[in-house]
Amino acid sequence: MATDAMRQQAVPRILVRPKADRVFFSTMVLLLWATVLFGFAKTYFLAGMVAAPLPNRLIHIHGAVMTLWMVILFVQTALISARKVKWHMTLGVFGFCVALAMVVIGQIAATDALRWGAAPLGLDAKTFYVIPLTAILIFGVLAFFAWRMRRQPAAHKRLILIATIALIDAAVGRWPVAFFENNPRAQDLVPFGFLLALMVFDLATQRRILKVTLYASLFLIVVHLTRVPLAFTHPWQAFATVMMGKG
């Protein structure tokens, strides 16, 4: 019994603050939606979505699945706010099926874009390839752990949030903001800003940054800061050449 008591004291307790959680995570989801709409309004949402002039059918499917994920995220957050936990858990199974589809389709779409020469941000196509590929990698890894920790609400919701933050690169890259257009590397400030908000929330409600927030955020940040330098290396260029079908 004494040993059990010591273990309980050694494990930091998660403070349950349902009202603060509902307000914060609902706000973050709305901000993520605003980020996506601001980036894709002209070329996708206001262009009719299925009627939007995208490069091919694959990119249409990719856009539809990504949009479906954002819809599910909004609905799932609303269900928790309405205390419909059972509905949330039922829809969650479908949501993770969508997440799996996103990982598969995201990789295929990134490789397709490589082959038709997509090269924004002042990078050539083979170098840029690292950005969408690592974005979907981060998402997939964090979504996997979110599924593993679905019975731990505090960790689960943070992993889902950070996984979604990993996907906003494409939206931010299309923001009609001169500062970001002239300074592509500064676009990382947007996802990093979301991560900072989550850390501040942890400090305010838990009196510390939860380990899941810290580790998942560090994972995203390290990948973001190292992926472009990695893409300039010979091994990556050789890999991208093979994926392009010219290896």
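This is a predicted model: local features need pLDDT of at least 70, side-chain atom pairs count only at pLDDT 80 or more; totals for chains, interfaces and linings use all residues.
1. A word on burial to start: a residue is called buried when its relative accessible area is under 20%, exposed when it is over 50%, and partly exposed in between, using a 1.4 Å probe and protein chains only. By that rule V36, at 12% relative accessibility, counts as buried. V36 is found in helix α2, where helices (H or I, at least four residues) are DSSP runs numbered from the N terminus. Not counting residues up to four places away in sequence, V36 touches A41, F45, M70 and A171; contact here means heavy atoms within 4.5 Å.

2. Residues are numbered from 1 along each chain as its sequence is written, and side-chain values use heavy atoms, with hydrogens and water left out.

3. Now to the interior. In general, nonpolar side chains tend to be buried together in soluble globular proteins. A nonpolar core here is a set of buried Ala, Val, Leu, Ile, Met, Phe, Trp, Tyr and Cys residues joined through side-chain atoms within 4.5 Å. The largest such core has 55 residues, and L32, W69, M102, F139, L161 and I165 touch the most other members. Two or more residues come from each of α2 (18-45), α3 (57-81), α4 (85-115), α6, α7 (153-165), α8 (169-172), α10 (189-206) and α11. The biggest giver is α2, with 10 residues. Another core, of 14 residues, lies apart from it and includes I131, A231, A240 and M244.

4. Leaving aside neighbours within four places in sequence, F139 is in contact with W69, A99, M102, V103, A163, T164, A166 and L167. F139 is also among the α6 residues that meet α7.

5. How do α6 and α7 pack? Their axes come within 8 Å and cross at roughly 165 degrees; axes are lines fitted to C-alpha atoms, for helices over the stretch in contact, and angles run from 0 to 180 degrees between N-to-C directions. The two helices are therefore roughly antiparallel. As for the cut-offs, angles under 35 degrees count as roughly parallel, over 145 as roughly antiparallel, 65 to 115 as roughly perpendicular and the rest as oblique. The crossing of α6 and α7 is left-handed, meaning that the near helix is turned anticlockwise from the far one by less than a right angle, whereas clockwise would be right-handed. On the α6 side the contact uses F139, L142, A143, F145 and A146, and on the α7 side H156, L159, I160, I162, A163 and T164. By class, this contact has nine nonpolar, two polar and no charged residues. Ala, Val, Leu, Ile, Met, Phe, Trp, Tyr, Cys and Pro count as nonpolar, Asp, Glu, Lys and Arg as charged, and the others, Gly among them, as polar.

6. α6 (residues 130-148) also packs on α11 (residues 211-231), at an angle of about 160 degrees and with the axes 10 Å apart. This pair is therefore roughly antiparallel, and its crossing is right-handed. V130, I131, T134, A135, I138, V141 and L142 of α6 meet A216, F219, L220, V223, H224, R227, V228 and A231 of α11. These residues divide into 12 nonpolar, two polar and one charged.

7. α2 and α7 pack at about 15 degrees, with axes 11 Å apart, which makes them roughly parallel. Their crossing is left-handed. D21, F24, F25, M28 and L32 of α2 make the contact with K157, R158, L161, T164 and I165 of α7. By class there are six nonpolar, one polar and three charged residues.

8. Beyond neighbours within four places in sequence, T213 is in contact with R158, I162, L198, M199 and D202.

9. Finally, two loop residues other than glycine have a positive phi. R83, in the loop between α3 and α4, has phi near 60 degrees and is exposed at 58% relative accessible area. R207, in the loop between α10 and α11, has phi near 65 degrees and is exposed at 70%.
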